[in-house]
Amino acid sequence: MTKNKTTLIAIRMDADQLSELDSMLNRGETRSAGIRRILYNAWADMREAQECEAGYPSIDDRRNCL
């Protein structure tokens, strides 16, 4: 039997930060979904930079090798 573990994170934003977040949202996207997307994209960019720094080929290079 598995348990679902959820981590809740509270974020406080002032009006300027909230306005900036609203401008980055995709059409029809909720604020929480937008924050998740932004965080995931930042994580993916960081991961790609780490792989590049470690000398692993990029995803484009892997595709060209096939």
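**Figure 1. Overview of the predicted chain.** Of the 66 residues in the protein chain, 6% are buried, where buried means under 20% relative accessible area, exposed means over 50% and partly exposed lies in between (1.4 Å probe, protein chains only). Please keep in mind that this is a predicted model, in which local features need pLDDT of at least 70 and side-chain atom pairs count only at pLDDT 80 or more, while totals for chains, interfaces and linings use all residues. Residues are numbered from 1 along each chain as its sequence is written, and side-chain values use heavy atoms, with hydrogens and water left out. The protein chain holds three helices and zero strands, and its pattern along the sequence reads α-α-α. Helices (H or I, at least four residues) and strands (E, at least two) are DSSP runs, numbered from the N terminus. The chain has an accessible surface of about 6,500 Å², and carbon and sulfur atoms account for 53% of that surface. Such areas come from the Shrake-Rupley method with a 1.4 Å probe; for residues, only the protein chains shown count as cover.

**Figure 2. How α1 packs against α2.** Two packed helices are described by the angle between their axes and the distance between the axes. Here α1 and helix α2 (residues 31-54) pack at an angle of about 80°, and their axes are 10 Å apart. This makes α1 roughly perpendicular to α2, a label given to angles of 65 to 115 degrees; under 35 counts as roughly parallel, over 145 as roughly antiparallel and the rest as oblique. The axes are lines fitted to C-alpha atoms, for helices over the stretch in contact, with angles running from 0 to 180 degrees between N-to-C directions. On the α1 side, Leu18, Leu21, Asp22 and Met24 meet Arg31, Ile35, Arg37 and Ile38 of α2; contact means heavy atoms within 4.5 Å.

**Figure 3. A closer look at Leu21 and Met24.** Both Leu21 and Met24 belong to helix α1. Leu21 counts as buried because its relative accessibility is 4%, whereas Met24 is partly exposed, with a relative accessible area of 40%. Setting aside neighbours within four places in sequence, Leu21 is in contact with Met13, Arg31, Ile35 and Ile38. Met24, not counting residues up to four places away in sequence, touches Arg37 and Ile38. Leu21 and Arg31 are ten residues apart along the chain, with 7.5 Å between their C-alpha atoms. For Met24 and Ile35, eleven residues apart, the C-alpha separation is 9.4 Å.

**Figure 4. The salt bridges.** A salt bridge is a side-chain nitrogen of Lys or Arg within 4 Å of a carboxyl oxygen of Asp or Glu, and by this rule the count is two. One joins Asp22 to Arg31, with the closest N and O atoms 3.0 Å apart. Asp22 is partly exposed at 34% relative accessibility, and so is Arg31 at 41%. In the other, the side chains of Arg37 and Glu29 meet at 3.0 Å, N to O. Arg37 is partly exposed, with 24% relative accessibility.

Figure 5. Ile9, Ile11 and Met13 make a nonpolar surface patch of about 320 Å². Patches are made of residues with over 30% relative accessible area and no salt bridge; like charges are joined within 9 Å, and nonpolar side chains (Val, Leu, Ile, Met, Phe, Trp, Tyr) within 5 Å. Met13 sits in the segment before α1 (15-24) and is partly exposed at 37% relative accessibility.
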